Amino acid sequence: MPLFYIDLHDGTNFIRDTQGFDLPDIAAAQARLVQVMRRVAQLLDAVSDRQDYLAIVRDQNGKVVMRATLTLDLEEVDAV
């Protein structure tokens, strides 16, 4: 089974996946990527006005095969 790695960058910190996931194909890697980004979204807080996350999926040869971005941009709007 192919090995896929999902690296995460939050604009300041880079977390490199060194263990990877045994997944049958790129579709399974995409599903795992969505799960990872869903967990990141659950951890977002209202402290910052803007939070950006980038996830990169690499195959077992180190080639980038997919990426995803997640952005939370908070803006207060004056009520009329």
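Predicted model: local features only at pLDDT ≥ 70, side-chain atom pairs only at ≥ 80, totals over all residues.
**Exercise 1. A residue in strand S4**

Gln51 lies in strand S4. Determine whether Gln51 counts as buried or exposed, and state which residues Gln51 touches.

*Solution.* 
Step 1. The relative accessibility of Gln51 is 9%.
Step 2. A residue is buried under 20% relative accessible area, so Gln51 counts as buried at its 9%.
Step 3. When residues up to four places away in sequence are not counted, Gln51 touches Leu44, Asp45, Leu70, Thr71 and Leu72.

**Exercise 2. Two further residues and their exposure**

Classify Asp10 and Val77 by relative accessibility, and locate each of them in the chain.

*Solution.* 
Step 1. Asp10 has its place in the loop between S1 and S2.
Step 2. The relative accessibility of Asp10 is 28%. Buried requires a value under 20% and exposed a value over 50%, with partly exposed in between; Asp10 therefore counts as partly exposed.
Step 3. Leaving aside neighbours within four places in sequence, Asp10 is in contact with Asp52 and Tyr53. Asp10 and Ala55 are 45 residues apart along the chain, and their C-alpha atoms are separated by 8.8 Å.
Step 4. Val77 is found in the segment after S5. Its relative accessibility is 65%; the limit for exposed is over 50%, so Val77 counts as exposed.
Step 5. Between the C-alpha atoms of Val77 and Asp49 there is a separation of 13 Å, while 28 residues separate the two along the chain.

**Exercise 3. The strands that pair with S1**

Which strands pair with S1, in what sense, and over how many bridges?

*Solution.* 
Step 1. With S2 (residues 14-15), S1 pairs in the antiparallel sense over two bridges. Leu8 has Ile15 as its bridge partner in S2.
Step 2. S1 and S2 belong to a hairpin with four residues between the strands, in which Gly11 takes a positive phi near 95 degrees.
Step 3. S3 (residues 21-22) is joined to S1 by two bridges, and the two strands run antiparallel. The partner of Leu3 in S3 is Asp22.
Step 4. S4 pairs with S1 over five bridges, again in the antiparallel sense. In S4, Val57 is the bridge partner of Ile6, and Ile56 is the bridge partner of Asp7.
Step 5. Five of the seven residues of S1 are buried, so S1 is largely enclosed by the rest of the structure.

**Exercise 4. The largest nonpolar core**

Which residues of the largest nonpolar core touch the most other members, and which elements give two or more residues to this core?

*Solution.* 
Step 1. The core has 15 residues, of which Ile6, Leu8, Leu33, Met37, Ala55 and Val57 touch the most other members.
Step 2. Two or more residues come from each of strand S1 (3-9), helix H1 (26-43), strand S4 (50-58) and strand S5 (64-73).
Step 3. The largest contribution is that of H1, with six residues.
Step 4. For Val57, neighbours within four places in sequence are left aside; its contacts are then Phe4, Tyr5, Ile6, Ala29, Leu33, Lys63, Val64, Val65 and Met66.
Step 5. As a general background, nonpolar side chains in soluble globular proteins tend to be buried together.

**Exercise 5. The largest pocket**

State how much space lies in the largest pocket, and describe its lining by residue, element and class.

*Solution.* 
Step 1. The space in the largest pocket is about 160 Å³.
Step 2. Its lining consists of Ile6, Asp7, Leu8, Ile15, Arg16, Asp17, Phe21, Val36 and Arg39.
Step 3. S1 and H1 are the elements that give two or more residues to this lining. The largest share, three residues, comes from S1.
Step 4. Sorted by class, the lining has five nonpolar residues, four charged residues and no polar residues.

How values were computed. Residues numbered from 1 in each chain as written. Heavy atoms only, no water. Core = buried A, V, L, I, M, F, W, Y, C linked by side-chain atoms within 4.5 Å. Buried < 20%, exposed > 50% of the residue type's maximum accessible area, 1.4 Å probe, protein only. Contact = heavy atoms within 4.5 Å. Pairing = 2+ DSSP bridges. 1 Å grid on protein atoms, 1.4 Å probe; cavity = no way out; pocket = protein on both sides within 12 Å on 5 of 7 lines; lining within 4 Å. Points joined across faces, edges and corners; volume = space filled by probe spheres on them. Nonpolar A, V, L, I, M, F, W, Y, C, P; charged D, E, K, R; others polar.
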